[in-house]
Amino acid sequence: DLTPENTVCAVFNGGFGNFVASGRDELLWDWLPDLLFLTEQGYFCSFFCANDYADLCGEVAVHKRLLASRFVLAPCRNPFSM
């Protein structure tokens, strides 16, 4: 069984924060039940974003305001970007 004690969740470019730039919130509503589950169960999750002008701003807002997520590491730039 997968539990918070034996599982790490990685989300690569989930897109649920893109509503900031696009004005479209479908992905947020699609993700929200899963995000709530992961948060309420206490899973350790890493989120990776494609950009810092829409995805990052929106995803940080969702984590802070809707989910009350705890940040272990603040968002930062990819040191290996091309």
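**Notes on a predicted model: aromatic pairs, a helix and a core**

1. Let's start with the rings. The count of aromatic pairs in this structure comes to four. Please keep in mind as you read that this is a predicted model.

2. Look for Phe12 and Phe48 in your viewer. Their ring centres are 4.7 Å apart and their planes meet at 10 degrees, so this pair is stacked; planes under 30 degrees apart count that way. The pair links distant parts of the chain, since Phe12 sits in strand β1 and Phe48 in strand β2, 36 residues apart.

3. Now turn to Phe16 and Phe47. These two rings form an edge-to-face pair, with 5.8 Å from centre to centre and 80 degrees between the planes. This pair, too, links distant parts of the chain: Phe16 lies in the loop between β1 and α1, Phe47 lies in strand β2, and 31 residues separate them. Phe16 has a relative accessible area of 1%, so Phe16 is buried. Phe47 is partly exposed, with a relative accessible area of 25%. Together with Trp31, Phe16 and Phe47 make up one aromatic cluster.

4. What does Phe16 touch? Leaving out residues up to four places away in sequence, its contacts are Leu27, Leu28, Trp31, Leu35, Phe47, Glu59, Val62 and His63.

5. Next comes helix α2, which covers residues 26–41. How does its span agree with what we expect? At 1.5 Å a residue, its 16 residues should span 22 Å, and the C-alpha atoms at its ends are 24 Å apart, which agrees. The helix does have a bend, though: about 40 degrees at Leu32, with a proline, Pro33, following within four residues. After α2 comes Gly42, whose phi is positive, near 80 degrees.

6. Which residues of α2 are buried? Leu28, Leu32, Leu35 and Leu38 are. So Leu32, where the helix bends, is also one of the buried leucines, each having under 20% relative accessible area. The cover over the buried residues of α2 includes β1 (8–12), α1 (19–22), β2 (44–48) and α3 (55–67).

7. Here is the core. The largest nonpolar core has six residues, namely Phe16, Leu28, Leu32, Leu35, Val62 and Leu67. Two elements, α2 and α3, each give two or more residues to this core. Helix α2 provides the largest share, three residues.

8. Finally, two backbone angles deserve a look. Asn13 has a positive phi of about 50 degrees, although Asn13 is not a glycine. Asn13 is found in the loop between β1 and α1, and is partly exposed, with a relative accessible area of 43%. Ala68 is another residue other than glycine with a positive phi, near 55 degrees. Ala68 belongs to the segment after α3. Its relative accessible area is 57%, so Ala68 is exposed.

Note on methods. Residues numbered from 1 in each chain as written. Predicted model: local features only at pLDDT ≥ 70, side-chain atom pairs only at ≥ 80, totals over all residues. Heavy atoms only, no water. Expected span 1.5 Å × (residues − 1). Bend = angle between axes of the 7 residues up to and from the residue. Buried < 20%, exposed > 50% of the residue type's maximum accessible area, 1.4 Å probe, protein only. Contact = heavy atoms within 4.5 Å. Core = buried A, V, L, I, M, F, W, Y, C linked by side-chain atoms within 4.5 Å. Phe/Tyr/Trp six-rings, centres within 6.5 Å; stacked < 30°, edge-to-face > 60°.
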